[in-house]
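Here is my notebook from a first look around.

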Amino acid sequence: MSSIFLLPAGKGRRVIVWSLLCFAASQVALSMYLDYRRPEIRDPLYGYRLRSLRARLAESPKAPLFLALGSSRIKYSLWPALMKVHSADGVPAPVVYNFGINGMGNIRELMYFRRLLADGIRPEWLLLEVWPPLWTQSGIFEETRMVLGEDDQHWGDMPLLIRYFSGKPDVVKQGVRRSLLPITDYRGSLIQATLRSLLPREQVSETNRHLADWIPFDNTGWFRVPWQRNTPEEKRIALEHGAEEMKPLVTPLRIDPRSDAALRELLDECRTRGIKVALIWMPEHSLTRGWYPPQARALAHQYLDQLKQEYQVPIVDTREWVRDEHFVDYCHVGSQGVAPFSERLGRDVIEPIAEGKNLNTEVLFQEDGR
Amino acid sequence: MLFCTASFMGFFALLLLVYWSIPWRRPRVWLLLVASFYFYASWNKWLAIIICISTLLDYLLALGIEHSVANWRRKTLLGVSLFANLGLLCYFKYTNFFLLSLDEALIASGAPTWFRTLRVILPIGISFYTFEAINYMVDVYRRRMPAERNLADFMLFILFFPHLVAGPIVRARDFLPQIKRPKHCDWVRLHLGLQYFLMGLFKKLAIADRMALYADPVFDSPLDFRTAAVWIAMFAYALQVYCDFSGYTDMAIGTAHMLGYKLAENFNMPYLAANIAEFWNRWHISLSSWLRDYLFIPLGGSRGGAWKTNRNLLITMTLCGLWHGAAWTYVGFGAIQGLMLITQRLFHRWCKGQPRLDGILQSLPGTVFRIAFTFVCFCVSLVVFRAPSFGHAFEMYTRMLIPAPGVPGTPVPEFGFWLTVAVMLAAHLLGKSGVWIRPTLRLSAPVLGCSYALVLGLALVLAPQGGKAFIYFNF
């Protein structure tokens, strides 16, 4: 057959060796390219947000960065553009950036924080969400599911994934495969980024629809909550559904050792690097606050108190900052609640800590519980 | 386990390493047998056991035929083997088809029906290994080859995983001696195998699966699209089916080469055929030659005059269609091929009496015209092959001939289709002329190595998400 040719044995061997070497090298190069140059191809959730954060920092290069890291509850509630933050004379007003990502628990907070550090982002303050259901690593907040289904791992994530998911071979296997053979997992995204005309029209439209989930509303990282529940009936159903989701997680509340370890590792890392941290318990619907049984409340309070003592971090309690009618479900603030919440967080928390003042005890978590 | 998946590549790399590190022939045969069984059992272990049992039966029957002197006894043993092999094929592949057809016919005639379809799954590649077993049994019966005495060697002939599920249909006479031949790790063959494998991988992932994006949505609902999209879908399917099957064959040949075995070529640029008879000599060669040797010639071949030859052609090609699948559309496709072959024979004979016309057709422009005409005729007949029913095929033809409003454009922008057509055309012309070989041989090992890595990378990156099984696995 004239599309095949023979080579002498020695040259044949060299060609095979070179093929394998070139292919392996190309995969390493591609993996690094995706990690460091085009993170949005590998992980659009992270990559587009990083791009937006960099653009925001470029607007005020000398301003200190206050980075809010947490789940969708931060993502949809905190709109830094609405904060009127002043700072001490001679100090530029801080840049507050919302880096909330859906379902982000402690392990993923640590993973994303490490990535941000590796990408040259160095916050002055880290505003870290804490929320008891996220500590359980079960139900809808099980991070194994999130890591397998939504996140795309970087080379740098591998040590962390191996440590935290050593009992879950799928996570480690997926991470290794995606790092070592990125061409198979990211071919769709690569073509999307380079040769869109080779993609089916439906796929292009679907990706365009996804962009709304990936690109924030503005350069402050905020996203508008994508679901609206306007009628009392819709809200009632959403609350019932929330009760089904959340009650089993907190009855009884159990803090997963991996969550605890990840949170402590993150706090240790911040302490080592001189990054100040404030923990934030985000707003909850009054019904949601009632779903915690006494055991869960006691354990959450004891745990937060421990963290506060060990790491000397303020714990901001915003659970009652938003009125019930401003929630779209049991834990997400709707568009009407965004402005009051963001303004108050800016005024009562960001501004004092930016000016180096102590926080008012009214906003701080009360150890005796409420 | 598909040839184009990472799991197969891992499996094959490990096998290759162990295979060539074993210095003895017999353990290597056993290793290949175990690997082949594992390969097939990864789909369904029960079906793998069924194949083993049927292979064992053929092994014993062939020995029986060889040891028998009485003709009636030899015939009986051959009959038992054919009954068992074709019986299995019919049971798994055609029973439900015949029951449903009978059911529909009874319903149409108003008679009551009581049939129930069987709950069976089609063993992958059953048509291929059945034909391999038959060619062995018939050759032993005709005393063209001795019966194989070594059970492991015989089982490897049937179960050898590169050809097990989608051919090429190997002949026992060609393959069994290869098992007995001493083998050593040969870089020439490894390199050759790698070339075949990469070429097959590229055809499958970068062309066939990509062309499916143009063809599948249109074949599913042709009336939703405009005429141009339907024509493009038809040509895209022609490229898909060719690159899918020839890509599989190339990968099979490549893996076999790397293990020290040679499988027969199955395609020889069929879309450059200048008439339909030549086309079938270039397309799925192992099936065409099997049908010629074990069906067309036993039916009388071309020995009994024009009418009988045409009848034999029609029967052979109709059965060829049925071999492809248990549906009337496949039977129709086969019959169309038979009719095209008959028409071509008649036209060819008529042309001999028209020297001027014959001269024009044999000239370069005439040959180009004949190639294009053959290609278009085959593509048009493929609509019946691809369509799930004659009704769908009719809708396709209607939309191809009568313009009507529909979704503008093709499911994927046309750029990719025309790019693929250009690449295929260039590859065929270069392949036919062979002008690329000498400069390529002068390239250094690193440059060639990089280009192979590039082909692999391109194949992987151009593969659409989700991947598709090989079309011929269904047959």
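In which loop of chain B is Met269(B) found? I found Met269(B) in the loop between H10 and helix H11 (276-282) of chain B. Helices here are DSSP runs of H or I with at least four residues, strands are runs of E with at least two, and both are numbered from the N terminus.

**Ground rules.** I noted that this is a predicted model, where local features need pLDDT of at least 70, side-chain atom pairs count only at pLDDT 80 or more, and totals for chains, interfaces and linings use all residues. Residues are numbered from 1 along each chain as its sequence is written, and chains are lettered from A and ligands numbered from 1 in the order in which they are written.

Met269(B) counts as partly exposed, with 18 C-beta neighbours inside 10 Å. For the cut-offs, I wrote down that 20 or more other C-beta atoms within 10 Å make a residue buried, 12 or fewer make it exposed, and anything in between is partly exposed, with C-beta atoms placed from the backbone.

I located Arg143(B) in the loop between helix H5 (126-141) and helix H6 (151-159) of chain B. Arg143(B) is exposed, having 10 other C-beta atoms within 10 Å.

In chain A I stopped at a cis peptide bond, from Thr251(A) to Pro252(A), with omega near -5 degrees. Pro252(A) sits in the loop between helix H13 (232-250) and helix H14 (257-273) of chain A.

**Chain A as a whole.** I counted 17 helices and five strands in chain A. Its radius of gyration is 23 Å, close to the 21 Å of the globule rule for 370 residues, so chain A is as compact as a globular protein of that length. The radius is taken over C-alpha atoms, and the rule is 2.2 Å times the number of residues to the power 0.38. Of the 370 residues, 39% count as buried.

**Helix H17 of chain A.** I followed this helix over residues 335-354; its 20 residues reach 26 Å from first C-alpha to last, close to the 28 Å expected at 1.5 Å a residue. The expected span is 1.5 Å times one less than the number of residues. H17(A) bends by about 35 degrees at Gly346(A), the bend being the angle between axes fitted to the seven residues ending there and the seven starting there. Gly346(A) is one of the buried residues of H17(A), which also include Phe341(A) and Leu345(A). After H17(A) comes Gly356(A), with a positive phi near 80 degrees.

**Where the chains meet.** How many residues of chain B are in contact with chain A? I read off 37, in contact with 32 residues of chain A; contact means that C-beta atoms, placed from the backbone, lie within 7 Å. H20(B) gives the largest share of the side of chain B that touches chain A, eleven residues. By class, that side has 25 nonpolar, nine polar and three charged residues. Here Ala, Val, Leu, Ile, Met, Phe, Trp, Tyr, Cys and Pro count as nonpolar, Asp, Glu, Lys and Arg as charged, and the others, Gly among them, as polar.

Definitions and conventions:
Two residues are in contact if their C-beta atoms, placed from the backbone, lie within 7 Å.
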